[in-house]
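I opened my notebook to look up a few side chains and what they touch. Here are my entries, in the order I made them.

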Amino acid sequence: MDTDSIHSGYSHHSNRSRGSNKQSERSSRDRHKSHSRDSSSRSDKNVTISASSAQPQQPDQGSAPTDAQDDNWGETTTAVTGTSDHSLSQEDLAGFGKETEGPVEKLNCVRFLPLALTLVLGLLVLVTPLSFLVLPQLMWPERLQACGTACEGLFLSLAFKLLILLLAGWALFVRPARASLPRIAVFRALLGLLTLLLLLSYWLFFGVRILDSQDENYQGIVQFAVSLVDALLFIHYLAVVLLEIRHLQPCFSLCVVRSTDGETHHYNLGQLSIQRAALVILEHYYKDFSVHNPALLTAAKSRAAKHLAGLKVYNVDGAGSDAATAQSRAKIAAAARQRDTSHNELYYEEAEHERRVRKRRARLVVAVEEAFTHVRRLQEEEKKKPPGDEMDPREAAQAIFPSMARALQKYLRTTRQQHCHSMDSIQAHLAFCITNNMTPKAFLESYLMAGPTLQYTRECWQTRQWTLISEASVTSPLRHGSEFQLKSSDFSLVVTSKAIPHLKLSEEYVHPKSHKFVLQLQSETSV
C-alpha cells in the first residue's frame, strides 16, 4: 500500500495553516520510507504461465531486490538540463523499477512431448506408403510385372497426395504448444489412435497378402499404397472437423469473475471440454482484463486492522476463566459501534486520494509536455547537423527521461503502479514514441489508464502458473451450470457456464400497399 496517500481527515477543514500542511507532508514522507518497501515486496510475484495443474510454486527467497534505493531519490538529487531543473542523475535512475526484478522459472521440457509424438506419428505416416512401394522392389524385383501407363499415373497421384497430406498435417498439427493441459486432449488422442490402427491394419494386410505370397502384380501394390494415402486424407479431414470446426458455433455463455476486485467479462464458446475452455478463457484474460494490482486491495485490510489496533480492553475484575472471550466480545461490540462513523472516514480518504492523484497527474502532464517540447527543439537542431551527427531515439529518450522521472515516479506511487513499470520499459516506450513522432498524450496513455496484462513487461505475465479446479472431469464437455476455477498465486478466476437459449424467429408478412394512403384536398381549403 502506498502510504503517500495515507488517510488525511483534516483535508476538509479549510482553516489549517500552511505550516501544519508542510509538517504533515514531511511526516507523510517519513512514514512512506518505512512502508513502501513492504508494498513493493508484496507486489513482487514471478510465476510461470501454464494452464495445467502443476505443483504450487514455492516462494523464492532470492527474489527480493538486491539494491535498496531511497524512496525520496527524486527529491534529493538534481541534474540540470535544458528542460527542467527537477531532474535526476544516471546513478539514481539505475535503481528505478528494481523491485520488479526477480528470478524466472525455466521452461519445462515436458511441454514439447506432444509435439514430439506428433512428429513421430507423422514420419510413420509418410514412410509407410513409400515402404509399400520400395520393399517389393528390393525383395523380389525379378518377379514383378512391368509398370504400365496406369501404374505410372498412380505414382503421380500418390506423389501429389503425399505432398498435400504433408502440408495439411504441418498446418494442423505442427504448432507451438500454447499451454500444458492437465489431461490429454480426447479428440487428438482418438485421432492418433485411429491413425495407428489404420497403419497397423495396412501393415498386417501387406505382410500377409503381399510379403508372404510375394505378389507379382506391382500395379495392385501401388493401388494399395494409394488407398492408404486416401484413407489418411479422410482422417485429416475428420481432424479438421473435430478440432477446428466443431467448436465454432457458440453454445455456452461463460461468465468470468476475478475473485479479488470482481472484474467480470462474458465469452461465448462452442462445444469444448473444460480444460480447453479454461485455455480459451486464459487467452482472453491476458488481453481483456486489466492488469491485476494487489496494492489497490490493501486499503480495506489496513483500515480494518487500524480500527482493531486502536481498541484496548481493560479487565477490572481480574483474570477469570472467560477473560479472553469477554475481551473478544468487547472488541466486536466496539467495532460495531465504530462502524456507524467509518463511512465518513472512507469518504474523506477517497476524496483526498482523488485530489492527490489529480495533482500528480497534472504535474506529470506538464513535465512530459516540456520534455517533448525539448525533443522537438532538438530534432529541429539535428536537421541542421551533418547526417553522421544525428542523435539516436534511444539516446534522446535517455536524455529527456530525467526531467520527467520524478513526476512519473510520484504518480505511479500514488496510483500504486510502480511495480508494473520499470525504468527500462519506460525508456523503451519513450524511444518508441519519439521514433514514431507521437504526442505526449500518446506516451502518457499507458500510465494514466490501466491497460490489459499483455501491455506490460513480460515479467508481469509470461511466467504465470495456473491451476484448474473443477468438480467434474476436466476432459468432460461443457454443460449448463458447469463451474470451475482458474487459480494463480494471487487470485483466481471463477467461471460459470450457461447454455445459450434456443431462439425462435417468426415471420409476419406486410403487404406493400397496406401502409400507403391518399390525401384528398377539398376545394374550399386554402392550401
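**Entry 1.** Which side chain makes a polar contact with the side chain of Glu244? I keep in mind that this model is predicted. I looked it up: the partner is the side chain of Arg175, at 3.4 Å.

**Entry 2.** Next I placed Glu244 in the fold. I found Glu244 in helix 7, which runs over residues 218-245. Is Glu244 buried, partly exposed or exposed? Its relative accessible area is 27%. Buried would need a value under 20% and exposed one over 50%, so Glu244 counts as partly exposed.

**Entry 3.** I then listed the contacts of Glu244, skipping neighbours within four places in sequence. They are Leu172, Arg175 and Ala239. I checked Leu172 again by distance. Glu244 and Leu172 lie 72 residues apart in sequence, yet their C-alpha atoms are 8.9 Å apart in space.

**Entry 4.** I moved on to the nonpolar residues. The largest nonpolar core has 27 residues. Leu364, Phe401, Met404, Leu430 and Phe443 touch the most other members. Helix 11 (342-383), helix 12 (393-414), helix 13 (423-435) and helix 14 (440-448) each give two or more residues to this core. Helix 12 gives the most, with 10 residues.

**Entry 5.** What does Phe443 touch, beyond residues up to four places away in sequence? I noted Val368, Phe372, Met404, Ile426, His429, Leu430 and Cys433.

**Entry 6.** I also found a second, separate core, made of 25 residues. Among them are Leu154, Leu162, Tyr202 and Leu232.

Conventions. Residues are numbered from 1 along each chain as its sequence is written. This is a predicted model: local features need pLDDT of at least 70, side-chain atom pairs count only at pLDDT 80 or more; totals for chains, interfaces and linings use all residues. Side-chain values use heavy atoms; hydrogens and water are left out. Helices (H or I, at least four residues) and strands (E, at least two) are DSSP runs, numbered from the N terminus. Buried means under 20% relative accessible area, exposed over 50%, partly exposed in between (1.4 Å probe, protein chains only). Contact means heavy atoms within 4.5 Å. A polar contact is a pair of N or O atoms within 3.5 Å; within protein, one must be able to donate a hydrogen and the other to accept it, and residues adjacent in sequence count only if both atoms are side-chain atoms. A nonpolar core is a set of buried Ala, Val, Leu, Ile, Met, Phe, Trp, Tyr and Cys residues joined through side-chain atoms within 4.5 Å.
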